[in-house]
Amino acid sequence: MKWQSPTGKVWLLGLALLTVGVQAQAGACDDQGFQALVQPAAMTAAAEGPAQAYWLDRQLLQWPGQVVTAGQRWRLHVSAAGALVAQIGQTVQGADASHLLQVDEQALAHDLAERFKFVAAGPRLRLRVEDTARLHQAQLLLTLEDAAGRVLAFTRIQSPGALDDLYASAGAMADLGVSVNRSARTTAFKLWAPTARAVSVCLYDSDASKTGSEQALQFDAATGAWSGRLMKDLSGRYYHYLVEVFVPGQGWVRNRVSDPYSISHGVDSRRSYIADLSAPNLQPRGWAQHRRPAPLKAATDMAIYELHVRDFSIGDATVPAAKRGRYQAFTETRSAGMRHLRALAEAGMTDVHLLPVFDIASIPEAGCVTPRVPQAAADSPAQQAAVMAVAAKDCYNWGYDPLHYGSPEGSYASSAANGARRILEFRQMVQALHEAGLRVGMDVVYNHTPASGQSEKSVLDRIVPGYYQRLDAQGRVERSTCCDNTATEHRMMAKLMVDTAVRWARDYRIDSFRFDLMAHQPRAAMEALQAAVDQAAGRHIELIGEGWNFGEIANGARFVQASQLALNGSGIATFSDRGRDAARGGSAGDSGEALRRHQGWLNGLGYAPNDAARPRDPAELLRAADMIRVGLAGSLRDYKLETFDGQHRKLAEIRYGDQPAGYVSQPGEVVNYVENHDNQTLFDINVMRLPRGTSREDRVRVQMLGAALTAFSQGIAYFHAGQELLRSKSLDRNSYDSGDWFNRLDWRLADNGFAAGLPPQGDNGRDWPLLQPLLADAGIKPLPAEIAQARAMFLDLLKIRASSRLFRLDSAAEIQSRLRMLNTGPLQNPLVMAAVLDGQGLAGAGFQRLLYLINVSPEPQSLQFETEQGRAYRLHPVQASAAAADPRPRRQAGYEAKSGRFLVPPRTAVVWIQN
């Protein structure tokens with residue numbers, strides 16, 4: 001076998017191991033654990049202390065909290081072996097070199113000042129050394145010393161600023177990871193690891209091979225990457241890297257680590273897979289000719305169905321057992337689930353968004369177990385006890401714990417041990433959904449990793465310690481996202497995000513992305529990603545995400561965020577909580593009696609109090625009604641509304657907590673929803689907030705009013721899988737690890753999941769006394785007829801939305817000129833949403849005029865509008881049809897042209913049109 005360095009020099013490899021930089025270790029590639037200590041450090045982590053100083057670039061440092069005092073000096077101490085020992089009052093021992101630093105009082109360059117604005121005040125220090133790159137392949141300590149060299153203070157230094165400056169050219173590398181050239185029959189490897197002193201690649205014939213061959217890689221000082229090329233096509237084999245890095249408090253360790261740019265893996269991602277993604281054996285039949293659905297004319301045309309791969313088919317008996325819960329279930333065109341998806345697409349659903357399908361850390365890819373859930377009472381704790389007893393080793397998780405960003409999850413493939421299968425079957429899934437008329441979106445999670453530091457499931461931090469994660473002022477990993485935060489403000493973390501998103505868009509034909517906790521990423525990084533995926537796909541790829549403003553980056557503390565308020569004009573959409581919270585009531589964090597007390601506009605606020613409701617406050621209902629109107633108007637900053645106090649305000653002038661209610665520039669920048677995978681389903685929140693005696697029929701109607709709000713709101717429509725089936729998770733507030741039992745979907749329409757036992761104790765136990773009587777109430781659980789009714793009503797709503805571009809206006813100017821809210825101001829009836837849409841001269845409007853009314857009251861409501869007198873209104877064709885799912889509009893709704901009076905049946909949405 002031949003091994004070629006990046007410089008082109010070729011060595012013939014026989015039994016001898018190649019030396020490039022350091023000698024390869026005999027047997028090092030045998031299975032021996034994920035880490036080996038090569039050379040211990042002289043100081044423990046506790047003795048070495050925090051990392052309070054920052055490299056700002058390759059020569060500038062800043063040490064917050066210190067002051068410049070005459071007679072003191074600053075030194076940078078270096079030890080290649082990790083032999084430094086520092087103690088207060090003593091001179092530093094074990095240094096190979098010590099560099100005197102000078103205080104730098106020049107104004108900081110604008111870009112550095114902006115990047116490091118979060119760093120507290122302290123002296124800036126300049127290192128007068130030309131070649132500083134080699135320093136980062138050693139142990140470093142920064143000290144403040146007296147004139148005799150005795151240590152007054154010392155600290156470690158956070159390195160990303162220096163690494164981004166030293167290796168800026170690394171951002172242009174296009175070949176990180178494995179690259180197979182099938183025509184030239186070569187296989188190349190490249191890993192960015194600028195602080196490593198040695199890197200080699202271990203090669204294995206199969207995922208199960210116990211021994212492998214080691215090939216050392218060569219370091220490129222310009223980019224910080226290690227690389228090499230073998231003169232052979234190694235497709236179908238497996239590899240990982242051995243990376244020697246210095247870890248503060250431990251010393252030099254040799255990490256056995258998979259490739260962060262992996263295209264696929266073997267079981268549990270211990271080894272990366274070698275392949276060319278364009279190879280014919282990785283393409284489904286017809287993939288080369290397959291075309292994704294035509295691009296949408298505007299983002300506002302999107303109607304998204306959020307779906308979990310395993311939920312989709314694990315309980316579907318019409319899918320062969322071997323394919324249930326897997327990618328291949330989507331290829332079963334005659335299954336109940338695929339028939340349901342096609343019905344949604346035919347009615348107007350445009351996209352399926354898949355919960356995480358990248359490589360997930362928390363799902364065992366071999367030997368996962370299925371709990372045996374006992375038959376027990378509707379309010380019993382027995383079911384959750386059985387589920388949670390095996391939760392750590394069962395086959396279920398939402399998957400918001402990315403192990404590798406660019407590789408498909410193996411537990412959804414027919415064989416996790418065969419790296420080709422997950423690539424092929426993922427593509428089969430995408431192809432099947434496209435052929436069903438649905439575009440495919442991915443839920444991506446670039447804001448955190450499942451682990452950091454030197455733990456086994458830490459990939460990035462074991463390659464470049466301290467670089468990829470966001471650190472606090474002491475050098476500890478920030479965890480505001482729930483897990484170990486990443487730092488996409490650092491060049492190579494942003495590059496990893498962009499490059500892997502490009503891979504999904506280009507090589508798997510993903511049509512759109514949903515970004516988890518997107519506001520933890522810079523707007524600039526998201527805009528760079530948008531440009532890159534568009535170019536790679538040759539078409540526009542829609543980006544949506546969670547723009548929640550919290551944590552260490554809140555309010556632009558470190559950078560301009562990809563948050564709700566900061567994305568104006570970007571074309572990237574964020575989820576709006578304005579209409580969601582007003583409709584559902586309360587907030588996502590409610591617990592205890594607040595779960596029942598905080599009624600919303602949909603479930604009884606001020607007009608149908610439950611037995612825990614607060615004393616009636618008319619202003620509270622009026623405020624909620626205005627917030628519903630904010631959502632219907634697409635949360636546009638400049639849209640004007642007469643509010644309940646009689647003032648005419650731009651939506652940005654209406655307060656939503658400490659933020660403006662209206663926050664987007666264009667309707668394509670907002671995602672409207674009343675339910676998604678997070679928190680309780682709408683059915684479940686309504687169980688807690690509607691009056692206990694609400695009929696099953698009315699529970700269906702309230703559920704569909706929530707869907708109507710989403711369907712009629714300007715912007716992107718987002719629906720949770722099963723929302724149309726009254727989906728319940730048995731009142732679980734956080735079902736991410738609650739197994740198949742609490743996350744079930746039943747395409748037979750026989751069971752909505754309610755009363756499946758008390759939800760898991762961990763997140764719900766404190767509320768069990770409140771939940772127990774609700775679960776035990778047999779009058780709440782819907783019968784199959786009610787589930788079928790909800791599904792049919794939902795399909796009609798989709799058809800209505802799809803029938804006219806008036807529900808999907810694509811510019812703020814069009815909404816300003818064509819949407820007019822009725823029934824507003826101090827004399828409004830807050831139980832009815834009413835709006836008129838002018839379709840004159842608008843291509844795709846379908847109608848000259850359209851008027852919708854949404855009556856949330858359990859009683860009929862009558863409203864009169866002078867502006868609507870004398871018009872030739874008739875019911876929307878979908879509702880006027882004898883086949884309409886809901887007979888109330890046809891039988892009970894009315895319009896009197898002479899007076900302009902409309903009669904709206906109880907808990908009904910009615911759409912009137914004029915041709």
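User: Leaving aside its neighbours within four places in sequence, with which residues is Ala708 in contact?

Analyst: Contact means heavy atoms within 4.5 Å, and by that criterion Ala708, once neighbours within four places in sequence are set aside, is in contact with Leu797 and Ala909. This is a predicted model, in which local features need pLDDT of at least 70 and side-chain atom pairs count only at pLDDT 80 or more, whereas totals for chains, interfaces and linings use all residues. Residues are numbered from 1 along each chain as its sequence is written, and side-chain values use heavy atoms, with hydrogens and water left out.

User: Where does Ala708 lie, and is Ala708 buried or exposed?

Analyst: Helices are DSSP runs of H or I with at least four residues, strands are runs of E with at least two, and both are numbered from the N terminus. Ala708 belongs to helix H14 (residues 696–712). Buried means under 20% relative accessible area, exposed over 50%, and partly exposed in between, with a 1.4 Å probe and protein chains only; Ala708 counts as buried because its relative accessibility is 0%.

User: How should I read the length of helix H18, and which elements do its buried residues pack against?

Analyst: The expected span of a helix is 1.5 Å times one less than its number of residues. Helix H18 (residues 784–803), with 20 residues, reaches 29 Å from its first C-alpha to its last, close to the 28 Å expected. Its buried residues include Met793, Phe794 and Leu797, and the buried residues of H18 pack against several elements, among them H14, strand E22 (303–307) and strand E45 (908–914).

User: How are two packed helices described, and at what angle do H10 and H12 pack?

Analyst: Two packed helices are described by the angle between their axes and the distance between the axes. The axes are lines fitted to C-alpha atoms, for helices over the stretch in contact, and angles run from 0 to 180 degrees between N-to-C directions. Helix H10 (residues 577–584) and helix H12 (residues 618–632) pack at an angle of about 140 degrees, with their axes 8 Å apart. Angles under 35 degrees count as roughly parallel, over 145 as roughly antiparallel, 65 to 115 as roughly perpendicular and the rest as oblique, and H10 and H12 are therefore oblique to each other.

User: Which residues meet where H10 packs on H12?

Analyst: Arg578, Gly579, Ala582 and Ala583 in H10 meet Ala624, Met627, Ile628 and Val630 in H12.
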